[in-house]
Structures are given as C-alpha cells and as structure tokens.
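Subject: Structure handover

Hello,

Here is the structure for your files. My notes on a pocket and a pair of helices follow below it.

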Amino acid sequence: MKKSAETSDLILVLNSGSSSLKFGVYYRGASDEEALLTGSADGIGQGNGTLHIRAADGTPLVQRESVHESQSDALKVLSTVIPQHIHSTPVAVGHRVVHGGPHLRSHQLITSQVLDQLRSATHFAPLHIPQALTLIASAQSIFPSAEHFACFDDAFHRTIPEVASRFALPQRYFDAGIQRYGFHGISYESLVHHFGVTLPERSIFAHLGNGASLCALRNGMSIDTTMGLTPTGGIPMGTRSGDLDPGIFLYLLRNEKLDADKLEDLFNHQSGLSGLSSGESDVKMLEERARSDDPKARLALNAFAVAVRKTIGAYMALLGGVDLLAFTGGIGEHSDYIRAKATEGLELLGLTADKIHIVTAQEERQIARHCREMMLKQSTSK
C-alpha cells in the first residue's frame with residue numbers, strides 16, 4: 001500500500017446488486033480517485049457465497065468461500081477484512097441507490113430526512129429500496145463516524161424532456177410520480193467522464209448485462225432511455241421481461257389469477273432470456289448452446305440483440321444520426337455475437353465501425369468522485 005494513500009481521506013463505496021455487493025476503497029490521487037482495493041461478495045443468499053478482495057494492481061488479497069445470508073452479513077465480513085490491509089478508517093461511505101422515487105433525484109448526503117423520503121418511496125421500487133435501507137443502516141452502524149452519501153442510479157436521467165418522461169396516462173398519475181426515471185445512470189456518468197471533452201454531440205450508450213438498458217445523449221446529457229418507472233422496463237434482460245403489452249397484465253390477472261407479488265416475480269425473475277430459453281440467462285452459456293444448434297438459445301440471443309438494434313436505430317432517428325456508440329456491461333464488453341447482431345445493417349444508417357467503442361464502466365470510481373465532490377462542497381460551505 002502507498003504511504004500517501006494510507007493518510008488520505010478514504011472513501012468506501014458500496015455498489016449493491018440483487019445477490020452481490022461490489023465495493024472499493026478510494027483515495028484522491030494526482031488527478032482522479034484511485035483504488036486502494038476493490039472486490040465483491042457474490043452469491044449472497046444463495047448458499048454459495050464468495051468474497052474476493054484485490055489490490056489496486058489486481059493482486060488477490062482475500063479469496064474466501066463463505067455463505068452470506070444478506071448484504072449486511074457480507075458487509076460485516078468485509079469490515080473485519082479491510083483493516084488487515086488498510087490502516088485508516090473511511091471518512092465517507094458512498095452508496096449506490098437504484099431508485100429514490102420522485103423527490104430524490106440528485107446525489108446527496110444521507111440524513112434522517114432522506115431516509116424518511118426513501119421509506120415513503122418504497123412502492124416505486126419494492127425490490128430495491130428496502131434492501132438499500134437495510135444496507136445503509138448496517139453501514140452506518142459499522143462506520144458511525146463516516147459521512148454517508150446516496151448516489152441515485154436514476155439521477156443522470158433527470159435531464160430527459162417531458163416528452164420522453166411522460167407515459168400516455170392521465171395527468172394525475174404523472175403528478176403521483178408515475179414517469180420514466182431510467183437507471184444505470186452511474187454507469188452512464190462514468191462513460192461521460194471516460195470520454196471527457198472528446199464525447200461528441202450525438203451519442204448512444206448501451207449498458208448490457210443481466211440488467212440492460214440504452215441511453216440517448218446529446219452533448220453528454222440524457223435525453224431518452226429505455227428503462228422506465230422501474231428497472232424492469234425497456235429491452236428484455238437476463239430474467240426481466242422488459243416492456244410488455246398492457247393486455248398481458250390483464251390476461252394474467254383475469255385468467256391466471258396472479259396477484260401483484262406473483263406478477264412481480266414472473267416479470268423480474270422468470271422472464272427475459274431465461275423465459276425465452278427455458279431457464280438460462282447467462283449469455284456465455286446461451287452462446288455455447290446456440291453453437292450446438294439449440295433453437296431456444298438462439299431465439300433468446302437474437303431477441304435480445306434485435307431489441308438492442310431496434311433501440312439504437314430509434315435513437316439514431318431521435319438524435320438525427322450518431323457520432324459514437326459505446327457498449328459497456330458484462331455482455332456489452334464481452335459478447336462479440338451480441339454486439340455484431342445489435343449493429344447489423346446499421347451501417348446503412350451511418351453507424352460505421354470507427355464510431356463503435358467498448359468501455360468498461362467504473363461505477364464504484366464514479367460514486368467515489370461524487371462523494372469527494374460533495375465532501376468538498378460541504379467543507380467550503382462551512
């Protein structure tokens with residue numbers, strides 16, 4: 001570990017997933033946030049949990065096979081391991097929060113008022129907000145002297161115009177907060193930071209992973225995105241349905257007698273690539289099956305890629321062309337098949353190979369940047 005880093009104001013970043021917890025400890029380097037260590041706790045609640053911690057150069061520091069029943073359990077283990085490698089306590093903890101509802105649309109210090117607003121917004125994201133509240137409470141207990149900041153995944157999309165944010169529903173629903181929020185915003189912010197002044201006027205970003213979305217940007221600002229009120233909307237994903245004909249909901253309510261919880265489980269955990277392929281959501285495995293002439297695997301891959309292609313084409317029309325297309329996320333970065341299928345034929349619309357980029361998203365580093373900026377604003381305003 002670098003001596004200068006040991007005495008710096010350290011920021012712990014917690015990036016919460018459905019069954020994982022990515023994390024990093026950052027210090028302020030010469031020109032950017034630099035990682036002292038990074039890692040993840042995976043398989044949370046699945047009986048096969050693992051904990052991996054790596055030094056900044058990628059050297060493994062901890063590889064532990066252990067069961068984590070919850071993210072809070074994983075955080076407790078992490079809090080006992082970190083001091084073995086870093087001898088300073090973080091002065092701030094940055095939390096990725098997927099959804100803050102209609103009244104929390106900017107990154108900010110977590111106060112009791114913010115927590116109250118998060119609780120009151122639970123119905124906007126019942127799968128995500130309770131989990132976020134539990135993890136924040138655990139982190140505040142473990143790191144009581146640190147300042148805790150919330151970085152909202154939908155904040156980046158608050159610039160989209162009303163024509164994109166409104167659903168075709170009566171005004172009273174919009175007034176109640178039913179609108180397009182969009183997500184993967186922290187990932188998209190990291191891509192904007194990556195390109196910096198070289199980012200052209202008309203850009204399309206595609207974050208393709210188990211959760212997947214696309215975003216149209218003009219001059220670095222979001223003007224439209226595929227996910228909607230929740231991260232279930234948009235293009236099909238690993239286990240999420242994406243957008244559906246509302247008549248499907250009516251059919252399932254009337255004929256299948258599914259209640260809200262069963263509908264939620266169906267659309268979030270049994271659909272998407274998994275639903276199309278009869279149970280497989282991993283693109284790498286689907287590609288292996290497709291090479292063995294598995295028609296269901298091929299259908300799932302092509303349905304996903306075509307949905308991405310249709311969105312790219314739509315966003316090119318919205319932007320009046322495109323100057324840059326960036327793929328990120330596990331699928332976006334590693335699947336040649338999906339990228340090729342998703343851009344097939346689009347050269348006829350002006351999407352040439354030199355405009356296509358593959359970029360690794362740096363969500364944890366981006367959260368650290370936001371936290372540092374908020375800390376500096378607080379110190380200068382005192």
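By class, the residues lining the second largest pocket are 15 nonpolar, 10 polar and three charged. Please keep in mind that this is a predicted model. The lining comprises 28 residues, and the volume of this pocket is about 800 Å³. Nearest the centre of the pocket lie Leu229, Thr230, Thr232, Gly233 and Phe249.

Which elements give two or more residues to that lining? They are helix H8, residues 246-256, and helix H9, residues 260-269. H9 gives the most, with five residues.

The other item is the pair H11 and H12. Helix H11 covers residues 283-291 and helix H12 covers residues 295-319. Their axes come within 8 Å and cross at roughly 130°. An angle over 145 degrees would count as roughly antiparallel and one of 65 to 115 as roughly perpendicular; H11 and H12 are therefore oblique to each other. The crossing of the two helices is left-handed.

On the H11 side, the contact is made by Val283, Leu286, Glu287, Arg289 and Ala290. On the H12 side, Lys296, Ala297, Arg298, Ala300 and Leu301 take part.

Regards

Conventions. Residues numbered from 1 in each chain as written. Predicted model: local features only at pLDDT ≥ 70, side-chain atom pairs only at ≥ 80, totals over all residues. Heavy atoms only, no water. Axes fitted to C-alpha atoms, helices over the stretch in contact; angles between N-to-C directions. Helix = DSSP H or I, 4+ residues; strand = E, 2+ residues; numbered from the N terminus. Parallel < 35°, antiparallel > 145°, perpendicular 65-115°, else oblique. Left-handed = near helix turned anticlockwise from the far one by under 90°. Contact = heavy atoms within 4.5 Å. 1 Å grid on protein atoms, 1.4 Å probe; cavity = no way out; pocket = protein on both sides within 12 Å on 5 of 7 lines; lining within 4 Å. Points joined across faces, edges and corners; volume = space filled by probe spheres on them. Nonpolar A, V, L, I, M, F, W, Y, C, P; charged D, E, K, R; others polar.
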